[in-house]
Structure formats: structure tokens, C-alpha cells
Amino acid sequence: MLFKTLPKEELAVLVEMLLGSHEVIAPKRVGVNAKGKPIHHYLPVESVDEIDLTCEITEYSAKTYFLPYRETLSTYTFKEDGDDWTQEIRYRSLTRVILGLHACDINALLKLDKVLAREMFPSPYYIARRKNTLVIGMDHDPCEGAFCNALGTDTVTHGFDLFLTDLGDRYFVAISSDRGYTLLGKVKTAEVTERDSRDYIAERRRIAGLFKNHTDMRNLQNLLDIEFESKVWEKWGRKCLSCGSCAMVCPTCYCYGVTERMSMDFKTARKIKHLYSCNLVDFAQVAGGHNFRPTPETRLKYRYYHQHHGFIESYDEPKCVGCNRCGRACLAGIEPARVIGDLQREERV
Amino acid sequence: MRPRAYLYHYDITKDADMTRPVDFNRRGRLQHVDRVFKADITGIVELTEQEKLFQVRILDPVEREGFSFMPGQFVMVDVPGFGEIPISISSSPSLRGYMELCIRKAGLVTGVLHKVQRGARIGIRGPFGTYFPVERMKGHNVLLIAGGLGMAPLRSPLFYITENRPDYRDVQIMYGTRSPSQLLFSYQYDQWRRIDGVNLQIIVDHPDPAWKGDVGVITKLFDRIEVSPYDTFAIVCGPPVMFKFVCSHLNRLGVPMDRMYVSLERRMHCGMGKCCRCHVGSTYTCLDGPVFDYWTVMNLKEAI
């Protein structure tokens, strides 16, 4: 990987340039929560002033720009006579820039790449969006409640185009693609000096030292298998409202449902993919009415089982990135770090 | 006028793999995964009050030639404007260009399918999933056990075995349903019985006055047959409760668990291991299944 340093004021120049020709998504402050803390979202911006790079965590992940909540997979147009129809499929081909993506979100994209861009049936819908998105990452101080350090997702080595680390008056930039390198050529940058490297290492060490949560993830995969009938699931499952908020904010949840909608004039129909949640009651219900996961406990358990057991079996890493967005969004206060903690020491329940 | 920085866009439709015709058997390739094969319903046979057999023919000659499947695989049937459903293929794999789908009226899409006339145009994606290891079974005895609608996926390996009759040894078919009116493919029983070395036994749970055959649950039929455990493969299709009873019974008789094959049923929205709806533990029923050996099923949480 190549490294450069970028003076802080030059980033604004770069963003201004990108704004001239592309859609730019960046963390934007949209309000304050009940505790007086600012709420941020990844939203399209129109000027540099709207961007708030100091953002700790966005309530939603940036996955909506890769896996939209609603996406038209194909359109059917019915012929005037008879039963015939034609199918039309379109993929996104507009270029987009996402600025200020955190390490957890980039790691989440890498996990999504494994499922959606490779495997037996690579998804052209996802690949078209992924390849047309320039990702500029951003290092940041640990967020409250996050346990990304336990999962090794607090740092990232690929999956982005540029990754910025704040060194006071300048950014330390990691360049991971040709696209990013070319872009950086349009602004004033400097080669990395001995001092820059030293500052970068010190900054990374400072961030690593700020983590307060130390969730124990050791042996969790086996534990989930052994504790399949554990009381822990009853305890947390009873709280679960089966609302699906956790999956909506999760940066790696990719499950979906497909429905088809006929237009009002019966001339066209659309096949729509909409993101789903394994906590919703009809997730595994089959024709005839049988539900393979009828209770909130079994559905919540399945969610953890997939994240920390099933995904490891398939890809040798957990699906979770430890951002704790699900914990923040959960109306019933189910926090993953506490659920995992309870599993680790069963006797507490 | 703002300064500009152009990023070249990537047009996925120009990708070399994407310009080739869609073939779902060529896995791992980038292709139009949502592209359906246009197909006509060329024949409808009313099997029972609830089930109909649809004969489906892919319209495009190139796509029809490229479409091939193995017994046990399924297709996604798309009724434009209504939805898409996974249906296992019940016809013989050697019958090129046609396939038969046995569909029970159970919901929105199947309800529409039960109303349509011959000639209706539907979409087909597939075939997807794993299949019964018919090659491995060669030279062995085969037990085919079906319960209720399980006869639909079982008909395909049955065709395969009868067409390659000399390769297999004794074939036992056991079929159980709730009542005689729910028996599927009753018009073919005589034909199957006449095949040398094929033994068909049928049992119903709730007989009607006209019923003269056996009454009871399917495991009752086991008392009557001889199973040579080290030489037998079993294919079991039916409701999840049946798997437990039948497979544990077969296991007691000495049939190894990795020689019993079951076909699982799950909700599916994509057929390609993406939507997670058919996820069981760490396996996708659509990619790693629907055909599993019983040992794998035993090791999967919540599988049956």
C-alpha cells in the first residue's frame, strides 16, 4: 500500500472537486438525541460545510448505499394481447463517493463482498454499486459501547480507496486503489516523512488505548453450539419485540425478501427486493403455515448463531463488526456485548 | 463553475461474463441472476383437489437446450406481478426441454397458478440446489419413502432409476398419505408396479370406505420388507416429522446415516444463497441443500 500526507485544507478542495461531478455521501449532523448527543447519518451532501467528520458513530450504517432497503430487481411489461411479457433488468452505473466511512463499516463491506460479490452466484446488483462507489475512510476515536477491538475490526487494511487518519494539521492517507491515487494527484499532497510515520503510530496507539469495552469473544463459536438450549436465550428473547430494528441498522445484515407489485393499470409489474430481518415473525414461515422459528427466543438466537457461528463456518470470521448499532437501536435494550457476556458466564443468569 | 474530478464508471452489463447466456449450472460466474427463462405451461393435470401437475416448456430454443437438471433440484417459478416460489422438479431429467412441476394450492402465487389455463406464460429460474446422488446409488438397493406431497420431488429420482434400471438392484417405494383422495400420481402406480424389481406399497392414515389397502403410518410398512443395511440407499421426502420417525427407524435397521437422503423444505426468496430465508444453522437450503444426508441434518440445529 502507498501512503501520503494530505494537508487538512486540501481535503475540502478535494471534496469540492468531487461535489462538482458526483454524488457525495458523508456523515451529516441531523439533530440531537435525548441525552444531548448529536445524531449523525450518512447522507448526500451539497457543500463541504454540511460534512461533520468529527462524528462518533452514525445511527444507520452506510449499507443502504450498497444494499438499498428497497431495490427493483426487474420490471415486467405485459403485452397488450395475451399472456406475453418482457423482462427488463437494470443495474446502477452512476458513480458515487462515500466520505468518512469508519473502519467498522469498511470491514462490514468486506464481509458483504464475501457473500454477495463472490460465492456461487455473485450479485450483479451489489457489484455494480460496490465498484461504482469510491470509499474514503476515516479513523476515529472509539464509540460508546462498541466492541470492535474484540473482533479486530477497529483497523482496516483494504476495501477502501483512501483512508484518512487525523494527525492534527494533516491527514495520513493510506491509498489502496489506482482510482484513489489518481484522485489524490489533483490536490497538494506530500510524501510520508519519518515524523509522519511516528505520529501515525502514536495516534493509532492512542486510539487503541481508549477502548473501555473488552468483550470476551474467545471460543464463542463452540459456546453457541453447546449453549443452544441455554436460559440466556430465554432471558433476552423474552425482551425482544421482534421489530427488526437491529437488522435495519446493522452494517452486515443482508437478508431480504422479494415481492412483486402489479401497477394499477396492469401494464407493468415490478419485482422488488426489500431488506428483511430474521427477527420478524414470518421470516422462516413456509407455505401451509408452518413456522420454523415461531418464538422471539429462537429468532434472536438464530441471529447470534448466524453472526458468530454460521458465518465463521463459512468464511472463518464472524459476521459482526462490533459497532453496537443494534444495541443502540434496540427498543428493548438488547445489547450484543451483554448477551455475549451472559453466554460466556452462564452461572449469572 | 466548480472544479471537477471525474471518476470513471463501471458498467456491469459490459462485463464479459454478463454478455453470455444465463446458465445457473455454471456457478461462480457473474450473470444476470434475476433473468428468468420464459416458459409456457403446456399442460395441466389435476391430481387431487389441492394439487395440480404443470407441464412447463422453456420458450427459447437455446435456453431450452441449455437447461438440464438432476433429480432433487428445484426451480424458482415466477408468475410476473404475483411473486416467485421454489418448486421441486418432478419429471425425469432425461426429458429435455420439458419439466413437470407438482404444485399444491397453498398461497398467493400457487393460487394464481391453479387458476391459469394452458398456454399461460411464466418465468423459470434455475435449476438450483443439490441433488440425490443417483450415480453413487448405482449397484445398490434403493428405498424411496414419501409422505404426502413428498411424492413430488421423489418422482424425479424414481424416473431416473427406472430409466437406468439395470444399474440398480431392488427398488422399494413406500408412500403414505393422510387419505386416499390425497394420493398423487395414482394413474402411474400400475405402470411402476410392472417394472421388474420395483415394489410399490401404499398406506393411508384415514381410509375412506372404498379403500382396500393398508391403513396406518408409514413406518408400519417397514415390518414387511427386508432391508439389507450395508447395501441400501434411502431417499426420504415428506413433512419434517416423518424424517425423524423414518430415519431413526432405518438407522435401527442398520442403514448408515450418510446413506439416507432427505429433502428439506424452507422459505426461499432467491435460490442462490443470498436472501438467508432458507438458512439453517450455517447452511443454505438452496445451495447446500435441499438434498442433505441425514447425518448432516442431525448436526444442523433446528433442521427438523
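**Core.** I took a nonpolar core as a set of buried Ala, Val, Leu, Ile, Met, Phe, Trp, Tyr and Cys residues joined through C-beta atoms within 7 Å. For me a residue is buried if 20 or more other C-beta atoms lie within 10 Å of its own, exposed if 12 or fewer, and partly exposed in between, with C-beta atoms placed from the backbone.

A note on the source: this is a predicted model, where local features need pLDDT of at least 70 and side-chain atom pairs count only at pLDDT 80 or more, while totals for chains, interfaces and linings use all residues. Residues are numbered from 1 along each chain as its sequence is written, and chains are lettered from A and ligands numbered from 1 in the order in which they are written.

The largest nonpolar core holds 171 residues, and A:I98, B:L144, B:I145, B:A234 and B:V236 touch the most other members. Helix α2 of chain A (residues 103-117) supplies the largest share of this core, 8 residues. Helices here are DSSP runs of H or I, at least four residues, and strands are runs of E, at least two, numbered from the N terminus.

I then listed the partners of A:I98, leaving out residues up to four places away in sequence: A:I25, A:Y42, A:A62, A:Y65, A:T133, A:V135 and A:I136. Contact means C-beta atoms, placed from the backbone, within 7 Å.

**Helix α2 of chain B.** Which residues of this helix (residues 108-115) are buried? I found B:V109, B:T110 and B:L113. They lie on the same side of α2(B) because they cover an arc of only 95° around the axis, the arc being that of the directions from the helix axis to the C-beta atoms. On the other side of α2(B), I noted B:G111 and B:K115 as exposed. The buried residues of α2(B) pack against β2 (51-58), β3 (74-79), β4 (83-88) and β5 (98-104) of chain B.

**Domains of chain A.** The domain assignment, which is automatic or from a database, gives domain 1 (2-60 + 91-209) and domain 2 (220-253 + 281-348). Their contact takes 17 residues from domain 1 and 15 residues from domain 2. On the domain 1 side, α2(A) gives the most, with 7 residues.

**A:C246.** I looked up this residue in helix α9 (residues 245-249) of chain A. Is A:C246 buried or exposed? A:C246 is buried, because 23 other C-beta atoms lie within 10 Å. Beyond four places in sequence, A:C246 touches A:S277, A:N279, A:C326, A:A329 and A:C330.

Note on methods
Two residues are in contact if their C-beta atoms, placed from the backbone, lie within 7 Å.
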